[in-house]
Amino acid sequence: MKSITRQKPFSEVVQLLDRFDRVYIIGCGTCATMARTGGRDEVLEMKNRLQETGKLVTGWTVIPTACDEMTEAAARENEGAIKNANCSLVMACALGVHRVNSYLNNKAVIPALDTLFIGMEDSPGNFYEACAQCGQCVLGETAGICPLTACNKGLLNGPCGGTNNGKCEVDKEKDCAFTLIYQRLKEQGRLDLMRKYHPPKNYQVVPRPRIINLG
Amino acid sequence: MISNFKQALNSGKFVVTSEIGPPKGTNIEQMLHHIDLLKNRVDALNVTDHQSSVMRFPSIGGCLAIKEKGGEPILQVTCRDRNRLALQAELLLAHTRNVRNVLCLTGDAVPVGDHKEAKGIFDLDSVQLLRTIRQMETGKDSGGNDLNGAVEFCAGAIVTPEANPIEPQLIKFEKKVEAGAEFFQTQAIYDLDKFAKFMQYARQFPVKILAGIVLLSSARMAKYMTDNVPGINVPQDLIDELAGAPKGGAIRKGIEIAGRMVAALKKDSICDGVHIMAINREEVVPEILALAGL
């Protein structure tokens, strides 16, 4: 699983930090490093840019995986510099922001990234959305191609009339999910699955707020 | 109560429908003018539903205007802007106001329209919407709850006979038939031989097919549609014919071509009727029909 992120425009970061003059920066060594949005290089660049705007950067760190419990150890290790700042700027996906937030209750936590989607890398630097976390996986009947994420409209019962030469009406560079599903099901001798009626989707498999207790 | 349009479909006559595009704004004069012009010349008039994902006066509003003027409306319903509650509510309203024909569409994608940041809903798709209508006719809503008063509709859908690849489209066409579609209006067709082959296939299903006729206004427009509109292929000889028209006469040629096509489809009983889309030139539809001998 990779959380695909994009840096917020610097002007937005500056606006979010408007009321803070001392900032501690936290990056992530996993997804955000791979997406080149919150690794060491990006954290250092952010540090320089914030200093140019007159902010005091009290310190920085890149947590190996910002979404897991290592964040707590990193927070303890860097306690002094974090305490010295009046906010933390987190260059990780929203999971990292949540994790940091849970350890720094009395300090503001500001995201520097927008979390775009849960994606896979199919060629270096090229990520595609793999899962919409709908709670009702259909991949078993769609040849492993998810229409919820690969079709702009998230259709279940086949292509819309906007598909053209195997491409999507929204973007001629993007494949039509149902052309791909059709081709692969045909190859696999399972084209009958495309004829199956899918009833309206259950959007309340786990109603929001989504919480599951395994205990 | 069987709708007038359904009666026309069942009568065996060559059925003609056309289309009204509601305005963007409260000035509905032109729409009312188009309704006056066409209501007695066709068997039913579709009213588009935020066509091309551009926010407009609603389809149901146009349908009510047609009813007020004594015409027969077909309510176009897309799944783009409303969830299953809102879709069903609109069907309840339509039924009570005697708007009894519905065309079920997925709807264009949000990013192609003029509110690109809006949320695309697509809670249902066109197949699910058709089934929802059939369920509501049994007195239950899509959640299985009792309705105090059921609906009754002549429900249809669309098909693209020249889609590429065609098989996924045909599979969906068959799903729409199974879901209870009674009639189909097709994407614009221009190659009558190809369309006749599609009809050979479609004839095995108990549905009525109305061929889509989109007025060609110039060679440039014909070429643009071929290059950019999914499932539309204007053959080169028609493009040449338009290009060869005298200066300013391309539109006359387009009307002539449309009239000729309608006449040919009717003469050879290739399909059950036509759906004429004049796209902002509604005033020429009577001419097309006259040329076709209708």
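Predicted model: local features only at pLDDT ≥ 70, side-chain atom pairs only at ≥ 80, totals over all residues.
Biologist: Let's start with a helix. How many residues does helix 3 of chain A have, and what span should they give?

Modeller: Helix 3 of chain A covers residues 40–52, which makes 13 residues. At 1.5 Å a residue it should span 18 Å, and its end C-alpha atoms are 19 Å apart, which agrees.

Biologist: Which residues of helix 3 of chain A are buried?

Modeller: They are A:Glu42, A:Val43, A:Met46 and A:Leu50. Looking down the axis of helix 3 of chain A, you'd see the buried residues fall within an arc of 100°, so they line one face of the helix. Here's the general idea: an α-helix has 3.6 residues a turn, so residues three or four places apart point the same way.

Biologist: And which exposed residues sit on the face turned away from the buried side of helix 3 of chain A?

Modeller: That face carries A:Arg40, A:Asp41 and A:Glu52.

Biologist: What covers the buried residues of helix 3 of chain A?

Modeller: The cover includes strand 1 (2–7), helix 1 (10–16), strand 2 (22–28), strand 3 (56–63) and strand 4 (87–91), which belong to chain A too.

Biologist: Where is A:Arg49, and what ring does it lie over?

Modeller: A:Arg49 is in helix 3 of chain A. It lies over the face of A:Phe10, at 4.1 Å from the ring centre. In sequence A:Arg49 and A:Phe10 are 39 residues apart, while in space their C-alpha atoms are 8.8 Å apart. With a relative accessibility of 36%, A:Arg49 counts as partly exposed.

Biologist: Now backbone angles. Which residue just after helix 3 of chain A takes a positive phi?

Modeller: That's A:Gly54, with a phi of about 95°. A:Arg36 has a positive phi too, of about 55°, although it is not a glycine. You'll find A:Arg36 in the loop between helix 2 (31–34) and helix 3 of chain A. A:Arg36 is exposed, with a relative accessible area of 58%. Over in chain B, B:Ser269 is another residue other than glycine with a positive phi, near 45°. B:Ser269 sits in the loop between helix 10 (250–267) and strand 8 (273–277) of chain B.

Biologist: What about peptide bonds: is the one from A:Arg208 to A:Pro209 cis or trans?

Modeller: It's cis, and you can read that from omega, which is near -5°. A:Pro209 lies in the segment after helix 8 (177–187) of chain A. A cis peptide bond also joins B:Asn164 and B:Pro165, with omega about 0°. B:Pro165 is in the loop between strand 5 and helix 6 of chain B.

Biologist: You mentioned strand 5 of chain B. How many of its residues are buried?

Modeller: Strand 5 of chain B (residues 154–159) is mostly covered, with 5 of its 6 residues buried. It runs parallel to strand 4 (residues 101–105) of chain B, and 3 bridges join the two. In one of these, B:Asn101 has B:Cys154 of strand 5 as its bridge partner.

Biologist: Last topic, aromatic rings. How many aromatic pairs are there over all chains?

Modeller: The count is 8. Take B:Phe173 and B:Tyr201: their ring centres are 5.8 Å apart with 50° between the planes, a tilted pair. This pair links distant parts of the chain, 28 residues apart, with B:Phe173 in helix 6 (residues 167–178) and B:Tyr201 in helix 7 (residues 192–202) of chain B. Both B:Phe173 and B:Tyr201 are buried.

Biologist: Why is the pair of B:Phe198 and B:Tyr201 tilted?

Modeller: Their ring centres are 6.0 Å apart and the planes are at 50°, so the pair is tilted. B:Phe198 and B:Tyr201 are 3 residues apart in helix 7 of chain B, so about one helical turn separates them. B:Phe198 is buried, as is B:Tyr201.

Biologist: Which residues do ring pairs link into a cluster?

Modeller: The cluster holds B:Phe173, B:Phe184, B:Phe195, B:Phe198, B:Tyr201 and B:Phe205.

How values were computed:
Residues numbered from 1 in each chain as written. Chains lettered and ligands numbered in written order. Heavy atoms only, no water. Helix = DSSP H or I, 4+ residues; strand = E, 2+ residues; numbered from the N terminus. Expected span 1.5 Å × (residues − 1). Buried < 20%, exposed > 50% of the residue type's maximum accessible area, 1.4 Å probe, protein only. Arc of directions from axis to C-beta. Contact = heavy atoms within 4.5 Å. Phe/Tyr/Trp six-rings, centres within 6.5 Å; stacked < 30°, edge-to-face > 60°. Lys NZ or Arg CZ within 6 Å of the ring centre and 35° of its normal. Pairing = 2+ DSSP bridges.
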